[in-house]
Amino acid sequence: MEPTQLRQVIEEQLTLSRTLKARIRELEAAARAPLAVVGMALRLPGGLTTPEAYWTFLNSDATALSEIPADRPGLAAVYDPRPDVPGRSYVDRAGFLADVAGFDAGFFGISQREAEALDPQQRLLLETSWEALERAGVAVRRGDRLPAGVFVGIMASEYGDRLATAHDKTGIDPYYGTGGGHCFAAGRVSYALGLSGPALAVDTACSSSLAALHLGAASLRRGECRYALVGGSNLIFSPDLMVSLCQSKALSPEGRSKAFAATADGYGRGEGVGMLVLMRLADAEAEGRPVLAVLRGTAVNHDGASSGLTVPSGPAQQEVVRAALADAGVAPADVGYVEAHGTGTALGDPIEAGALDAVAGTGAPDRPAPLAIGSVKAKIGHLEAAAGIAGLIKLVLMLRHGTIPPSLSPADGELNPLIAWDQVRLTVPRRSQPWPAAYGRRVAGISAFGLSGTNAHAVLEAAPVAGNDGPPGTAPRRELVTLSARDGAALAELAAAVADRLDRLDPARLAAVCHTLRAGRAPFGHRVAVTGSTPAELAHALRTAVDGGAADVVAVPVRALSLRVGPITEPITGPITAALDALVAAYPGLAPLLAGAAPQTRLERLLRALGVRVQVTDDGSLTGSGAAAAATLTVADRALPLITGDPAATPRLLVGALAAAYTAGVDLRLDALAAPGTRFVADLPTYPFRRRRFWIDEPLTAPPSAGGAAPAALSVLAGGGQPAGSQPAEGSGCALTQENVERFLLAELAAVLKAEGELDRTASFLDVGGDSFTAMLLMRGIEQQFQIEVPAEELVNDMPLAELLGKLGAHILGALGERQEQSA
């Protein structure tokens, strides 16, 4: 080989080697990419329903434990204060949620029948998922198939036990399986919100939600989803597990965990649901999401062959903490706080303290200050499958505020003497304190150890300072606020909450708040939109609109609006160009939409990009001179000027026209109106769910008697409500007219759905809560009443009920007529 050829081969190999090394670095970076927590929602004991309330509670001396609620008679029935009574529980206190029966079934398109059979855990997961996405500024349009995964930790589903007893199985219907199965805790969220990523339910007992976090993080890093909903859930209904835990002496007699205290005598149980929204940090920054904290690393392992299935393993705990730190690329000495598993047991606390000290206490000799440890279980109870998510939300709040809240109160007495506190570099905070200045960064860890031996640990860091705020300052401009809800009462409540928020708002944050409300919320039928230049002006406009009845108007979806422009001649080109320039000056995000092309084309492209589909017509009456309009948008028979002879008025005219289009029913996409550098805001009012009580009482010990009243729907065909002058058909007991059959179908559907009140005939089958099970039960009722089969294709899900009932009624009468002719 010639020297020149050899040189060429070597150069090619060097180039290839550099390319491969770069690719390896890229893949390694992706596998350990930092992730951002961008949204949170929770339902915790003590009536805690917002992160803000949770933070206030964490820094107080209060606990959230209470007596057994009145609607849990099974738990109360097994209580006996004596600790050694077989088949009894010696605990009568826990961290109970204030309301587990309330649910806005209509918001999620769920019928009353299904809502009653639905495990309240699934209901709460639906609410917190929606709320967390709203706090992240992610508008959930079901038809968009958002690339989001759902990862839920859940270990018990006890509500379904009340649907059947050993003597009575009549309470079991098609919703028994979907209402209580663990897989549906994640799958229902994806279905209801229209999410396309993985949907996984995880059960590793007390480490379930941190194990779910580990899976969600891996899914994000592999690119399986852009958003990851990570949560956990735990409710206490059945007395069986309570009795079992008491028989093993796992629970504290006073029902409270006292982690790392000398008085620790077992753990106290708790209920709760929490949900986080995570993204890759780079994606979150690009989308302007509110970065609340950064997830650096996670790890999961198992105790393996330890001294017992339920006995914690110190070496395994050390391994999982080290693995998470390695995944995070964080040195043990940089960790300033660990939210410990900390159940408050005589066996578990010393093992965990020893493991933490070995890795990040005395095991990190360059540590600048003792490692602070604590556990929120002392205040809200051990939430079991949801314990990790409750601690994780606490950790995010700590990192945001730069404060370590107390883990024990002075009243809790001395620390656990089984831990050699004088030999370890650990400390348990007794009061709120700032993050130690000795650390160069705010880094924290969190542990969760499952009863089955599965351990999990995660490492988080405070968000970059620049990621928490919007642009340093925005010039005053006309802003647009859009709000919507599924009913007028909810919209009025939401508008009032937003107006109150605007009253307290720093004007420098106005652009970010308006952007979040415009682009970070999904549109519903009841709508209000206002414009203004100051928070006070917008708050006043919202209250005025609601007081004027705007919230009670239902918007009808609009497909296209009419855009009228004058002939493109020299007199009109100038005003249009100047007007478009004024728009770019006020809303720089519109610049890419207004670049190049003819003025009319640019205006049309702008409107279409904002979600306004237009039909353009030339109008010779539009001259563009003086105050006359050079372009108008017709909304609900109102001709709204967009461009006049005054270019400076164009921004105000545009947002006014968009407000009218929004309230008229146009599905706008208003991201481009954001000021440069504007980020979504995480602490705005979220959707005010209209909760009603959906609850099945615990069954009586004796089986119910057989029989009962006939379904209400049958009364329609048994003489009730029979049309005047009609004659009963042979063997039917009533007159079979189209009207009468439709009334029967409507009553039968209402009975199947367990609907209260008359169903809305303008709504579709899906809108009133119908699904495949409902359809099956409805068809079964039709077949039993009329002895005919109805083909599945006759039931069109998205057809208005009035039209659907008419179609089914015609089919029934036609089939009966054919049968009568054949028998004649």
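Tutor: Gladly! Axes are lines fitted to C-alpha atoms, for helices over the stretch in contact, and angles run from 0 to 180 degrees between N-to-C directions. Helices are DSSP runs (H or I, at least four residues), numbered from the N terminus. This is a predicted model, where local features need pLDDT of at least 70, side-chain atom pairs count only at pLDDT 80 or more, and totals for chains, interfaces and linings use all residues. Residues are numbered from 1 along each chain as its sequence is written, and side-chain values use heavy atoms, leaving out hydrogens and water.

Student: At what angle do the axes of H22 and H23 cross?

Tutor: Helix H22 (residues 738–753) and helix H23 (residues 772–786) cross at roughly 135°, and their axes come within 10 Å. H22 is therefore oblique to H23; angles under 35 degrees count as roughly parallel, over 145 as roughly antiparallel, 65 to 115 as roughly perpendicular and the rest as oblique.

Student: How do H5 and H7 pack?

Tutor: Helix H5 (residues 120–135) packs with helix H7 (residues 182–193) at an angle of about 50°, the axes being 9 Å apart. H5 and H7 are therefore oblique to each other. Among the residues that meet are Leu125, Leu126 and Trp130 in H5, and Phe184, Arg188 and Val189 in H7.

Definitions and conventions
Helix = DSSP H or I, 4+ residues; strand = E, 2+ residues; numbered from the N terminus. Contact = heavy atoms within 4.5 Å.
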